[in-house]
Amino acid sequence: LGGIKTMLIPVYDTADEYLDGEPSSEKETELGEDAAEGLFWFRMPDKSMEPLIKENEYVLFRETKKLGEVGTVALVALGDELLVRHLDYAKDSLWLKPENPEFETKTFMGVSLRRAKLQAVRV
């Protein structure tokens, strides 16, 4: 059985840092063995996921290209912007849904799907 160990995980404070692959710092994080691959902390840039995730709160993500389950909290790149949203999808459609009703759901269908690039899912 794998034990728990403390590892240094990269921390990104901004979309630019993440997209440039240059973390602002590292954070000691307790993880199960072999769990650290592709993990990073990302600072929530806005209030779109409140009350679930507060603005400026650090969220642990794992890099992936697989969509995973509907409702998963994901980090998605739209050009040079990164959004943290609930993921919902169907054939040829993708919705990025905020927790906070003051923010709009972003919808992608057909060709516009190429604009949204899944980066990571919340651990």
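**Ground rules.** The model is predicted, so I used local features only at pLDDT of at least 70 and side-chain atom pairs only at pLDDT 80 or more, while totals for chains, interfaces and linings use all residues. Residues are numbered from 1 along each chain as its sequence is written, and side-chain values use heavy atoms, with hydrogens and water left out.

**Fold.** I looked up the secondary structure and found one helix and nine strands in the protein chain; helices (H or I, at least four residues) and strands (E, at least two) are DSSP runs, numbered from the N terminus. The order along the sequence is β-α-β-β-β-β-β-β-β-β.

**Overall dimensions.** The C-alpha atoms fill a box of roughly 45 × 30 × 30 Å along the principal axes. I then looked up burial: 37% of the 123 residues are buried (buried is under 20% relative accessible area, exposed over 50%, partly exposed in between, with a 1.4 Å probe and protein chains only).

**Aromatic rings.** I searched the whole structure and found four aromatic pairs. Rings of Phe, Tyr and Trp (its six-membered ring) pair if their centres lie within 6.5 Å; planes under 30 degrees apart count as stacked, over 60 as edge-to-face and the rest as tilted. The pair Y12 and Y18 is edge-to-face, because the ring centres are 5.2 Å apart and the planes stand at 85°. Both of these tyrosines, Y12 and Y18, are buried. Y12 and Y18 also belong to one aromatic cluster with F40 and F61.

**Charge over a ring.** I found the charged end of K27 over the ring of W41, 3.9 Å from the ring centre. The rule asks for NZ of Lys or CZ of Arg within 6 Å of the ring centre and within 35 degrees of the ring normal.

**Salt bridges.** I counted four salt bridges, each being a side-chain nitrogen of Lys or Arg within 4 Å of a carboxyl oxygen of Asp or Glu. R43 and D13 form one of them, at 3.5 Å from N to O. R43 lies in strand β3 (residues 39-43) and D13 in the loop between β1 (4-12) and α1 (15-20), so this bridge ties together parts 30 residues apart in sequence. R43 is partly exposed at 23% relative accessible area.

I also noted D88 with K97, whose closest N and O atoms are 3.0 Å apart. D88 is buried at 19% relative accessibility, and K97 is partly exposed at 32%. K91 and D92 meet at 3.8 Å, N to O. Here K91 is exposed at 72%, and D92 is partly exposed at 46%.
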